Each structure stands twice: as structure tokens, then as C-alpha cells.
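Good morning, and thank you for coming.

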Amino acid sequence: MSIKDELSALDDVDDHLCSRVKENNINTIATACSLKEAQGIMLNILKEVHKLSEKYGLTYFITDGTLLGAVRHKGFIPWDDDLDIAMPRNDYEIFKEVAKDELPKELFLQTVDTDPNYDLYNIPMKIRHNSSVLIEKGEEEKTYHNGIYIDIFPLDRVPDTRLKHGIQKGLSKLLINMKMDISFEDGINIKSITRSFLQLIGKLIPYRTVRKILYSTLKWSKRSKSPNFYYGVDLTWPNEFSEEEIFPLTLMEFEGQKFWAPKDFNSLLTRTYGDYMSLPKEEEREMHSTFIGLK
């Protein structure tokens, strides 16, 4: 696809977002903005994360679709409406503490501790922009802070025995999924009925209890000598990264700026996306949001 075609596709995306204003009745509190404007806000948030990380000597790197965008487009994937970074657990916990006080006033560090209404338990930390709105499918009735955001994922070292790793991943998948909203989007079948039953039970279990159980297994990761990392006990995704693929980090261009990225990005992207330099079909270019606007 040529750059002209990509820009045309981006215009179509913006038209889609604007067309959703009346449907969601969000224009009473926000005016629809373009995806490009929203991406500019995400980029500014990433700049602040980079600044804080450099100040305190913390490690982060762009990952998933953001890494793909950096390699293939030298910036955002034209239709991408989020931004992903990862941090090793120790850096993640330090960042969580310093960011509460040192992020600019227009930004908000969102966790279950800072936002009592936040219940996206499978994404434990976001940084939100205070003067904007980004509504994703299923969020229309949510009351937590819903500004334009970036996601920050913790990385834990894989436990050094299969048994410990299996228990750790199994607990994460079971307990976090139990805390998610009940849904039958995949139809009514044995799997969805079983899942919904477990989610009903999950509503009786406070998330703090779930987190306490999950964090009790972190000692296995901290003592591990495994060369592999994975998205931590807070998340359910199976992504794994070898130490050699990530480190030493390299500075990579993203929207005209330089941010930290994994050393062997080709290996990571190939494993996740296959032929990642080829653009997906138009019908496969998915967005998270149904509305993006500025207050």
C-alpha cells in the first residue's frame, strides 16, 4: 500500500469515529477528534514516560503493535488507537510510585488503587490524558477514567520449573478471567456457560484478594534463573521473550522521536505477526475505540 493509500485509509477511520458521536451520545461531554490528534496525545504520554524512566534509570521498551508500527511505519500503525510499552517488574513497581507524583497534571496514572471504579483487571496500569475521552466497545456504561491512554505491562521472569510456571500462568488465567465482565459474545455454549458461572463466583472475590494470591507466586519469578520473560502474573497473555531478544535495548525511531525497543525486534515480531512487513487486509485492520474526543 502506498503512503497515499494509507492516508486515505486514515481519513476513513476518522470519518468512522466522528460518525459514532451521535450513536454514543458522547458529544455532550466531548467533541470528536481525529485519530491523528489522539495519536499525538499518546506520543506525548510516551515522551513523559521516557523522561521519567531516564531520570530514575528505569527500563521500558515499546512492544506489540507499537513496536510493529515503529519498524513498519516509523510511527503509529495508521489505524492504531493505542500504544503499548513493557517494563521489568522491579522497574514497573518503582515507576508506579514515582509517576503518581511526577507525571504532569494533565495525565493520570490509572490502576485499581488510584481509580476505585477501574475494573480492566487484565491491563493493570494505564496512563490517561485528563482532557479527552476514548470509549472502547463495552465501555459505554463504565464510570472509570476513560481518557486517551497508553498501556504499561509488567514483565516477570519465567519460573525455572514447568510446574511452577504452569501454576503461575494457570492461576493468572483463571482468577483474572473470573473478574472480567460476563459476556456471551462467542455464543451460548459449554465454554461460555462455564466461564460465566466462574465469573459470577468471581464477583464475590475482591480483586485485592486475587492480586494477593497472584503476587504470592512472584517469589518464583524473582528467584528464577530462566533466560525468559513473559507478561506477568497480572496478565493472561502467553507472550514470552528471551533475554537475548530484548537486551541490550536499542533506540528506535517512532514519530520522529527515539524510544527504547527490543534488540531483536525481528524475532519478536515474526513470532507474533508472521510476515509483519505486509499490510493486513482492510477488513482485518481493527481498532479498539468506538469514539475518541476532546473535552
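A residue is called buried when its relative accessible area is under 20%, exposed when over 50%, and partly exposed in between, using a 1.4 Å probe and protein chains only. At 15% relative accessibility, Asp-64 therefore counts as buried. This is a predicted model, in which local features need pLDDT of at least 70, side-chain atom pairs count only at pLDDT 80 or more, and totals for chains, interfaces and linings use all residues. Residues are numbered from 1 along each chain as its sequence is written, and side-chain values use heavy atoms, without hydrogens and water.

Let us turn to the backbone. Most residues other than glycine have a negative phi, and most peptide bonds are trans. Asp-64, which is not a glycine, has a positive phi of about 55°. Asp-64 belongs to helix 4; helices (H or I, at least four residues) and strands (E, at least two) are DSSP runs, numbered from the N terminus. Lys-74 also is not a glycine, and its phi is positive, about 60°. Lys-74 sits in the loop between helix 4 and strand 3 (84-88). Between Phe-247 and Pro-248 the peptide bond is cis, with omega about -5°. Pro-248 is placed in the loop between helix 10 (243-246) and strand 10 (250-254).

Finally, the largest pocket. A pocket is an open set of points on a 1 Å grid over the protein atoms alone, where a 1.4 Å probe fits, with protein on both sides within 12 Å along at least five of seven lines; lining residues have an atom within 4 Å of a point. The lining of the largest pocket has 48 residues, and Glu-136, Trp-237, Glu-286, Met-287 and His-288 lie nearest its centre. Helix 4 gives the largest share of that lining, 4 residues.
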